[in-house]
Amino acid sequence: MLELILGVLLAAGATYFVLRPILQPPVESEGSELVGDEGEDPADDMSPQTVALRALKEIEFDRATEKLSDADYEQLKAKYTQEALAAMREESGVRSVEPGVKPAPASRLPTPRCPEHGPRPEKDAQFCSDCGKRLGAAPGYCARCGSTLEDDARYCNRCGARVAA
C-alpha cells in the first residue's frame, strides 16, 4: 500500500512540474520586456532602398510563377526601379537633376579612357565596360605578387604570371 501512495504522489509531482509553465503566466520583472515571436524584427531593415529592392524581387517572383502579366510587370518594374534608384542616390548623397535646373559643369579632371572605346561614363572605372580592358589611367597590380603592371602588360614583369584582360 505504501508503494501505491508513493507512486501516486510521484506521478502527481511530475505532472505538476510538467504543467506548471503552461498553466502559470510568465512573471514579468520591472523594466524588462517579453521577447516573443510577435512584433517587429529589429534586424528587419525598412529603409526605402531595401523596401524597393524587395518589391523588385517580389515582382520578379510573381512574374516567374505567372501571377503577374507582362504589362503589369513592366509597369511595376519601372516604378520600383525608380524608387530604388532615388533611395540609392539619396543614401550616397548624389543629387538627382530636376527638370529646369542647370546641371553642374563638367569636370576638367581626366576621365578614364579605353584605348578602343574612348572615355568611359563610369566614375572611378578601372576596366572598360564594353571590352573589359584595363583603362590607361587605372593602376594595374599583379594578382599573384602585387607588383605594379605596365598599362598594356600581358604578363607580370616580376613573377611572370598572366595578367587578366
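Helices were taken as DSSP runs of H or I with at least four residues, and strands as runs of E with at least two, both numbered from the N terminus. On this basis the protein chain of the predicted model has 3 helices and 4 strands. From the N terminus on, the order of these elements is α-α-α-β-β-β-β.

The protein chain has 165 residues, of which 18% are buried. Its accessible surface amounts to about 14300 Å², and carbon and sulfur atoms contribute 56% of that area. Among contacts with a separation of 6 or more, 17% join residues 24 or more positions apart.

Helix α1 covers residues 2-23 and includes V8. The relative accessible area of V8 is 52%; because the cut-off for an exposed residue is over 50%, V8 counts as exposed. V8 also belongs to a nonpolar surface patch of about 570 Å², which is made by M1, L4, I5, V8 and L9.

Helix α3 runs over residues 70-92 and contains 23 residues.

Key. Residues are numbered from 1 along each chain as its sequence is written. This is a predicted model: local features need pLDDT of at least 70, side-chain atom pairs count only at pLDDT 80 or more; totals for chains, interfaces and linings use all residues. Side-chain values use heavy atoms; hydrogens and water are left out. Patches are made of residues with over 30% relative accessible area and no salt bridge: like charges are joined within 9 Å, nonpolar side chains (Val, Leu, Ile, Met, Phe, Trp, Tyr) within 5 Å. Accessible areas come from the Shrake-Rupley method with a 1.4 Å probe; for residues, only the protein chains shown count as cover. A salt bridge is a side-chain nitrogen of Lys or Arg within 4 Å of a carboxyl oxygen of Asp or Glu. Buried means under 20% relative accessible area, exposed over 50%, partly exposed in between (1.4 Å probe, protein chains only). The expected span of a helix is 1.5 Å times one less than its number of residues. Contact means heavy atoms within 4.5 Å.
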